[in-house]
Amino acid sequence: MQKHLLLSLISLPGFVLGAWGQKGILKGRITDAETKEPVPFANVAVKGTAAGASANMDGFFEIKVDPGNYTVIATAIGYQPFSQSVSVKAGETVTLAISLQKAAVQLEMFVKTEGKFEKKIEDLTVSLEVIKPNIIENKNATSAEQALQQTPGLVIVDSEPQLRGGSGYSFGAGSRVMVLVDDLPLLSGDAGRPSWGFIPVENIEQIEVVKGASSVLYGSAALNGVINIRTAFPKDKPLTKLTLFGGIYELPKRYRWYSEYGAFFHKDMPYLGGLNFLHAQKLGKNKNIDLTLGGNFLWEQGPQGAPLVYGPNKAIIDTLHEFGAYERRGRINFNFRHRISKVEGLAWGINGNILYGHSVTGLIWENYDSLLFRFMDGSATRTIQTVASIDPFITYQGAKGTSHSLRTRYFYVNNNNTDNRANASGILYGEYQARIAFPKLKDLYVIPGLMTSYTTGRAQLYAGKPPLPPTGYNRVQEDRIRTNAINSAAYVQLEAKLWKRLTLVGGARLEYFRVGKYDRYIISDTTGVNASFRYDTSFVSDDIQPVFRFGATVKAAEESYVRVSFGQGFRFPTIAERFIVATIGPATIYPNPDIISERSWSAELGFKQGFKFGQFLGYLDVAGFYQRFKNAVEFIAAQWGSLSDPLFGFGFRSVNIGPTRVAGVDVSLLGQGKISKNIGLNYLIGYTFMDPVSLDPDYVFGTDKQGTLLSNKTTSINLGQDNDSRFGKLLKYRFQHLMRADVEVTWKGLMAGVSARYNSFMRNIDNVFLNFEQLGVIRGLTESRNDSRKGYTVLDARLGYTLKKRHRLALICNNFTNNIYFLRPLSIEKPRQWLLQYQITI
């Protein structure tokens, strides 16, 4: 007995030390107190220790600690801090259920486009606008292009996004605004043109629009900014939603081509209809599989009638039913993500999307009188389009805030156009990106990344003129026209927050581009005397550019923020700008293989003031901006071709026009919340003033076939007193004043909203248009410009009712006043549209 007691006494210190050395575990899940949904990536800290973790995508966390008494603190963007005292014993697991309350002073708006990771909007060092999904749904936007109409400072002309006057009309080639879906680019590989109908509007979480040069993180096409469409992941509760819609276009009476008697309803009047569907659900035993299925189908007979063909004795032949404007398209997409249970924070997935459609569009109207809503003969294009993407990815979110992601995409676009303008391209894209956190330096992050893409293209658009056959041969036949491009880059960005008031951001990027065109022709002798042979030509151009950025935001007072930013940008010319050859109506688009990269730098000083009245929250944002370009690229009309070409060689070409700059002021006002117990109010209002000018209007960028020196001044329209001393300085195809407003009021199940868009007069265009009008090639240009000197305002209205949060019926009227307006010369925009929408949510 004494022996056993002695052994017990001897071993007791070992047991005590073993128990003391054994750690306890703190684990749990963090959820939103109101919605009960998980709060992903919330921070969990153990006060007085270095222990801590970040919650995973489902809100779960786990921390190992020594035995003792602690205070656990949980924080997340947009929520009030949470703290709880706990006692942990050796070998014990303590499970916490943490519910976070929304922060009363927050606008509940968080973005990730500026730094590729989510942050508060007031901590941003650049101007950024956010479009919420309620605007998209309630306005029944059938494409992301329509959803973006209300963005302050943004105009979309013939699918080309223009931010703060940084670009003009360019025939759809060479976007200066990068368009992304979930951080992956969505610009076609050959032309740099967005496919708006390809974006899943039925599953948008929010759209973020960054204004200003953003090339450090997003590369060449982000010269003037970024549009990032963020899609939504499934919540804990499954969601199924179906939206049906249908309506008509109502042309002003004097322009109706569908009825001789001016009847409101007519069997041939233009219409549209379609549906959206969405199903989102978490699957698996542990709910660790996210699956989203969605789609959109659209059937539209547009308001533009077919061109009129003049037969014998100038008789008019109506070809309406053959070539009127229309669009038929269908799109289906899926998102799949699997969160690996055995490896905390690790997930892989694959997203896919495919679109197929037919459409007819027209470039030029017949005239500005009764035939305004008809195409000019020869200016219509019929397109059969196929667009597809497949996006495998893998991500890892570490417990200490460090994360890694590898995202890839294959993006294919095939436009089978009439008039020998077919083109197809494919992009293979990959990007690795990390966010490195430093636990001992709490608010310091380093974001490095690598990207590469390879583009291939084939197109009749880029064929050009074949070589002349040598003596003894009489035929040259195109065998293969191919283009390719390589783009690679490395970048790094540092973000730090000091004293909880000052946010600093700095970054750099090195980017390489290479583009090539390879033509193959078969030269033969149809007499059979000489043997056929192959003739190859090639063109290769490359460039490498570094860019830098810096920004800072300081919290000057409660909900008052001052920011300053500087960023560089550059854009490598697209394949289309270098090699396109096309005839549209009376005009020809000419190639420019000698075009070079354009560069810019931009600076901004901004102020953001948040405000709160009861349950209503909002902010006012004011920014002054300045962007300067070197070797700016513009789409210029002149006599680029030979006298034997259509219109004696007059046409369009992308050229470098020398130094330019855009300066201005941007003001936006955003608010959301309740102004009384049952009345909700949401609004987004903005005004932008821009002054886009050539710094050297006499800069000679070419010579036409008559030997005339071409400059911004010699190719501009002279408006006399209207342009006074600024003749030739103002850049073409820009609006100097933009106003946007969207206001929506809700009361119980009722919803009423109104949108307004104002664009000022487009003061400068190519003077060749006036020459074309004098020759009778085009009609109505001068009259239409005289009618729009005060600019134009377009009003939309909507009224809806939701029953038991499941059924919603809405009446929508776009262009309520039925204004006649245009975003570029010789192209009319859509008239009044009446639309009925029904949506069921399960």
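Student: How many residues stand between β38 and β39 in their hairpin?

Tutor: β38 and β39 form a hairpin with four residues between them, where strands are DSSP runs (E, at least two residues) and helices are DSSP runs too (H or I, at least four), both numbered from the N terminus. This is a predicted model, in which local features need pLDDT of at least 70 and side-chain atom pairs count only at pLDDT 80 or more, while totals for chains, interfaces and linings use all residues. Residues are numbered from 1 along each chain as its sequence is written, and side-chain values use heavy atoms, with hydrogens and water left out.

Student: In which sense do β38 and β39 pair, and over how many bridges?

Tutor: Two strands pair if DSSP finds at least two bridges between them. Strand β38 (residues 660–674) and strand β39 (residues 679–694) pair in the antiparallel sense over 15 bridges, and valine 667 has tyrosine 687 in β39 as its bridge partner. β39 also pairs in the antiparallel sense with strand β42 (residues 737–747), over 11 bridges; there, leucine 684 finds its bridge partner in aspartate 742 of β42.

Student: Which strands stand at the edges of the open sheet of five strands?

Tutor: The order of that open sheet is β10-β15-β16-β13-β14, and its pairing is mixed. β10 (127–131) and β14 (184–185) are the edge strands, each having a single partner strand, so one side of each is left without a neighbour in the sheet.

Student: How should I read an aromatic pair, and how many does the structure hold?

Tutor: A pair of aromatic rings is described by the distance of the centres and the angle of the planes. Rings of Phe, Tyr and Trp (its six-membered ring) pair if their centres lie within 6.5 Å, with planes under 30 degrees apart counted as stacked, over 60 as edge-to-face and the rest as tilted. The structure holds 18 aromatic pairs, and one of them, between tyrosine 368 and phenylalanine 822, is edge-to-face, with 6.3 Å centre to centre and 75° between the planes. Tyrosine 368 lies in the loop between β23 (346–362) and β24 (380–397), and phenylalanine 822 in the loop between β45 (807–814) and β46 (832–841), so the pair ties together parts that are 454 residues apart in sequence. Both tyrosine 368 and phenylalanine 822 are buried, a word that stands for under 20% relative accessible area, with exposed over 50% and partly exposed in between (1.4 Å probe, protein chains only).

Student: Is the pair of phenylalanine 513 and phenylalanine 572 stacked or edge-to-face?

Tutor: That pair is stacked, with 4.8 Å centre to centre and 10° between the planes. Phenylalanine 513 belongs to strand β29 and phenylalanine 572 to the loop between β31 (560–571) and α6 (575–579), so the pair ties together parts that are 59 residues apart in sequence. Phenylalanine 513 is buried, at a relative accessible area of 12%, and phenylalanine 572 is buried at 5%. Elsewhere, Tyr169, Phe635, Phe652, Tyr733 and Phe769 form one aromatic cluster.

Student: Which residue lies over the face of phenylalanine 393?

Tutor: A charge sits over a ring if NZ of Lys or CZ of Arg is within 6 Å of the ring centre and within 35 degrees of the ring normal. Arginine 407 lies over the face of phenylalanine 393, at 5.2 Å from the ring centre, and lysine 517 lies over that of phenylalanine 579, at 5.6 Å.

Student: Where is serine 159 found, and is serine 159 buried or exposed?

Tutor: Serine 159 is found in the loop between β11 (154–157) and β12 (160–163), and is buried, with a relative accessible area of 18%. Its phi is near 75°, a positive value in a residue other than glycine.
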